[in-house]
2 protein chains.
Amino acid sequence: MSRQFVNELADIDTDFAQWYTDVILKTDMVDYGPVKGTMVIKPYGYAIWENIQNYLNKEFKKLGVQNAYFPLLIPESYLKKEAEHVEGFAPEVAVVTYAGGEELNEKLIIRPTSETIICAMYSKWIKSYRDLPMAMNQWCNVMRWEKTTRPFLRTSEFLWQEGHTVQASKEDAERDTRVMLKVYSDCLRNLMAIPTLTGRKTEKEKFAGAVATYGMEAIMKDGKCLQAGTTHDLGQNFAKASNIRFLNKDGELEYGYSTSWGVSTRLIGALVMVHGDERGLRMPPNIAPIQTVIVPIANHKAGVNEKCKEIFDTLEACGVRVKLDDSDNTPGWKFNEYEMKGVPVRLEIGPRDIENNVATAVRRDTHEKVQLNLDNIATELNSLLAEIQSNMLAQAERNLNDAIVETNDFDTMVESINAGKVALAYHCGDSECEDEIKQKTTIKTRVIQEYDTKHKCIYCGKPSRYKVYFGKQY
Amino acid sequence: MSRQFVNELADIDTDFAQWYTDVILKTDMVDYGPVKGTMVIKPYGYAIWENIQNYLNKEFKKLGVQNAYFPLLIPESYLKKEAEHVEGFAPEVAVVTYAGGEELNEKLIIRPTSETIICAMYSKWIKSYRDLPMAMNQWCNVMRWEKTTRPFLRTSEFLWQEGHTVQASKEDAERDTRVMLKVYSDCLRNLMAIPTLTGRKTEKEKFAGAVATYGMEAIMKDGKCLQAGTTHDLGQNFAKASNIRFLNKDGELEYGYSTSWGVSTRLIGALVMVHGDERGLRMPPNIAPIQTVIVPIANHKAGVNEKCKEIFDTLEACGVRVKLDDSDNTPGWKFNEYEMKGVPVRLEIGPRDIENNVATAVRRDTHEKVQLNLDNIATELNSLLAEIQSNMLAQAERNLNDAIVETNDFDTMVESINAGKVALAYHCGDSECEDEIKQKTTIKTRVIQEYDTKHKCIYCGKPSRYKVYFGKQY
């Protein structure tokens with residue numbers, strides 16, 4: 001750690017983009033990689049990803065999803081098996097053309113996603129209805145060559161999990177996509193204190209090769225939307241392309257119904273942009289790499305360091321993710337540092353606190369100070385952390401609700417979205433109409449809220465098909 | 001799961017290679033990927049890797065090593081920074097030459113290992129002695145284009161962890177490599193019941209670019225050695241190539257001392273080849289994905305399925321990795337299946353067992369049957385699992401000791417090694433002499449046991465430098 005005082009961050013209200021870059025770099029979450037568009041995820045950022053992994057692994061296990069690992073390199077011919085899929089990904093792939101000192105006979109694609117290779121394996125493994133459902137997940141890196149990149153939000157390489165199931169019926173596959181969407185939105189709500197808008201994506205915005213895509217949108221502090229996770233009902237499209245067939249109970253060969261679903265390290269970007277403030281990050285306790293930092297005060301005085309260490313041990317034994325910063329940096333430097341890093345609670349412990357048998361807890365979310373009794377420190381701290389978690393979720397929910405403007409007037413919608421809002425409006429469902437809106441305004445549909453044929457499209461005036469969220473996106 | 005009876009395995013004594021392939025494929029640990037030399041790690045194999053990850057992550061944390069993630073693609077120029085390093089890896093790299101629809105200006109290498117890119121980042125992050133030690137680890141995929149491949153043992157892509165530290169002194173860096181070698185050998189011993197030979201590698205066998213490499217060798221059932229993990233003292237070589245300099249306490253700029261260390265999914269291959277027998281896998285309980293399988297007997301009889309479910313719940317609540325197989329396959333099929341999968345304990349529970357308030361436990365390691373009291377099933381089972389773990393370690397230790405032949409006669413050595421042994425012999429330390437032995441016999445040095453200048457080299461007769469293990473390798 002360098003000991004100089006951390007620099008100021010750009011103003012969050014007037015330059016959100018620069019604030020974001022400042023905060024993720026200065027809190028040691030991430031750095032730029034040497035190849036354009038790549039990132040290095042540093043320990044403070046990676047720990048967030050590990051907490052997401054732990055949460056989701058437990059949920060996947062409950063649902064019978066097993067982790068596995070499929071190869072990075074996909075033969076070019078595989079990507080071409082499903083027509084829409086190749087079109088969707090061809091422009092953004094990275095290609096290996098030689099290896100082991102020789103030019104390759106067939107080009108190999110670094111996976112932009114693994115439907116094609118996983119379906120090819122499933123085709124080999126699935127023979128009968130008894131083999132279904134087949135449900136596997138992998139945690140891995142994927143590569144999509146992007147022109148404009150920003151760490152966590154859009155990078156050439158990113159980390160994600162991709163789950164892939166095959167079911168014996170259309171209904172079961174559709175249920176998988178809905179169940180997983182719920183798993184994801186619960187993860188964001190419970191772990192990250194991020195409320196989301198969930199629903200089906202429009203035809204225009206669905207995944208290349210899917211029958212239907214469901215999305216989860218989080219709303220950033222500037223009002224822009226971030227697609228935080230998607231689940232895809234692939235119908236029999238990939239099963240037909242990869243020949244996934246099973247003998248059903250009547251002894252007939254049938255194509256399987258597949259799904260896929262994923263969340264990625266862009267969730268870390270969402271965390272920053274939903275909760276951050278002018279002083280830096282704010283971490284919800286459930287996902288915080290450091291839930292509490294202990295800062296000794298006047299620790300040249302006898303007993304202070306010892307007491308701090310004792311409290312550290314108590315808290316760690318109780319499962320709190322606690323850090324004791326007994327470095328020779330000044331308390332002021334430490335306050336600044338851990339505020340910027342968004343540590344939910346700072347515990348200040350000095351001679352007077354010890355005399356009074358308390359620790360002074362400072363909340364990152366409200367800046368309030370509370371005295372915690374040292375005899376009961378773990379219990380009191382855990383209550384405080386729980387209170388912060390629910391307070392942060394409530395704040396984020398208020399922000400989400402405040403951001404939504406319901407309108408069916410196009411100019412009002414554009415104006416509102418340009419002013420940092422998300423609009424809820426009727427649309428005809430026509431992809432060309434949707435595309436015209438996008439071309440004109442850079443506004444895109446996010447997720448469908450409900451189907452409704454009684455109103456008029458906000459843009460073309462034809463009968464509506466659904467009510468859908470519109471917004472700008474990361 | 002297909003319901004047909006599993007096929008026989010090749011004979012372990014007469015065709016160990018085919019036995020290995022049979023067992024890993026038939027137990028659903030792995031399958032071949034579509035690109036030559038790649039593998040798909042299926043859930044039963046991947047669960048082993050996850051158990052290794054959990055063990056090592058705890059150890060790394062104790063030592064202050066933090067997880068992070070560095071990019072997959074390395075600019076070609078990076079690999080060339082360290083002369084020996086580029087020579088070591090150039091023939092086996094896979095190269096990305098175009099991406100995003102365009103030919104790249106600089107070729108990008110899929111990491112065969114990440115020293116060069118991590119050192120480049122460290123060079124940016126490290127400024128002062130206060131930043132040291134810097135110690136990060138990543139769990140990731142790496143790629144080395146191999147001509148002859150076998151799942152887990154040698155594949156183009158594999159999973160591993162690679163730790164990288166920078167220290168302010170030579171001694172501290174050297175200590176890191178020794179501490180990590182101990183972490184690895186403890187992991188194999190405690191988790192996988194695999195004893196190892198550890199020590200420094202010879203000059204000829206060290207890592208490309210290292211000052212010294214330390215290795216951990218496990219001995220397979222056929223007497224061949226498997227390099228199961230290595231730690232590298234890189235001295236200042238990479239620090240100089242990447243310009244990692246820090247201001248020391250006297251205010252002078254100094255190059256750092258770096259290390260790297262890793263274990264990979266080849267450990268799964270070691271597990272198979274150290275413990276397997278004619279019936280298939282044998283999993284030490286501490287690493288077994290399934291520690292116990294419950295097989296209901298005569299479960300058309302009232303109460304059998306219910307009792308099995310009750311016991312399953314009890315064991316799961318106590319943290320046992322337990323599976324209840326209440327499928328309509330026959331008990332005979334299930335016995336065969338879980339024996340082949342190496343599940344340490346099978347619990348048979350039928351009407352008579354229930355009447356006697358017991359479960360019949362069948363050990364995979366000794367085939368013994370034991371009655372466990374149902375009132376106390378979790379405690380009794382856990383003792384049994386602990387006993388199996390230590391019995392399997394003891395067996396593996398006997399096998400290791402039996403495999404070692406101490407000799408200083410070259411013909412005896414070659415004969416012994418060809419007969420499935422490992423030899424311990426004196427060597428002059430000269431790389432050319434070592435190379436001649438290898439050319440003539442395919443026998444290589446494994447790790448140095450101890451330095452000794454009082455004897456003669458087993459091959460050239462010059463004064464010895466050390467006593468070293470010789471063997472054939474995977």
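Is the crossing of helix 2 of chain B and helix 6 of chain B left-handed or right-handed? The crossing of these two helices is right-handed; a crossing counts as left-handed if the near helix is turned anticlockwise from the far one by less than a right angle, and right-handed if clockwise.

Before going further, a word on the model. This is a predicted model, in which local features need pLDDT of at least 70, side-chain atom pairs count only at pLDDT 80 or more, and totals for chains, interfaces and linings use all residues. Residues are numbered from 1 along each chain as its sequence is written, while chains are lettered from A and ligands numbered from 1 in the order in which they are written. Helices (H or I, at least four residues) and strands (E, at least two) are DSSP runs, numbered from the N terminus.

**The helix pair in chain B**

Helix 2 (residues 43-62) and helix 6 (residues 170-192) of chain B pack at an angle of about 135°, with their axes 11 Å apart. Axes here are lines fitted to C-alpha atoms, for helices over the stretch in contact, and angles run from 0 to 180 degrees between N-to-C directions. That angle makes helix 2 of chain B oblique to helix 6 of chain B, given that angles under 35 degrees count as roughly parallel, over 145 as roughly antiparallel, 65 to 115 as roughly perpendicular and the rest as oblique. On the helix 2 side of chain B, the contact (C-beta atoms, placed from the backbone, within 7 Å) is made by Asn51(B), Ile52(B), Tyr55(B), Leu56(B) and Glu59(B). Helix 6 of chain B brings Val183(B), Cys187(B) and Leu191(B). These residues divide into six nonpolar, one polar and one charged.

**Where the chains meet**

Now to the two chains together: 48 residues of chain A are in contact with 47 residues of chain B. Strand 5 (residues 94-99) of chain A gives the largest share of the side of chain A that touches chain B, six residues. That side of chain A divides into 29 nonpolar, 10 polar and nine charged residues.

| Strands | Bridges | Sense |
|---|---|---|
| Strand 5 of chain A and strand 5 of chain B | five bridges | antiparallel |
| Strand 15 and strand 17 of chain B | five bridges | parallel |
| Strand 15 and strand 16 of chain A | three bridges | parallel |

Within these pairs, Tyr98(A) has Val95(B) as its bridge partner, Pro296(B) has Ile349(B), and Thr292(A) stands opposite Val322(A).

**The sheet and its surroundings**

In chain B, five strands form an open sheet with mixed pairing, in the order 16-15-17-18-19. Its edge strands, each pairing on one side only, are strand 16 (322-324) and strand 19 (369-373) of chain B. From one strand to the next, the twist averages 25°. Helix 9 (residues 304-317) of chain B lies across strands 15, 16, 17 and 18 of chain B, running at about 170° to strand 15 of chain B.

Conventions
Pairing = 2+ DSSP bridges. Nonpolar A, V, L, I, M, F, W, Y, C, P; charged D, E, K, R; others polar.
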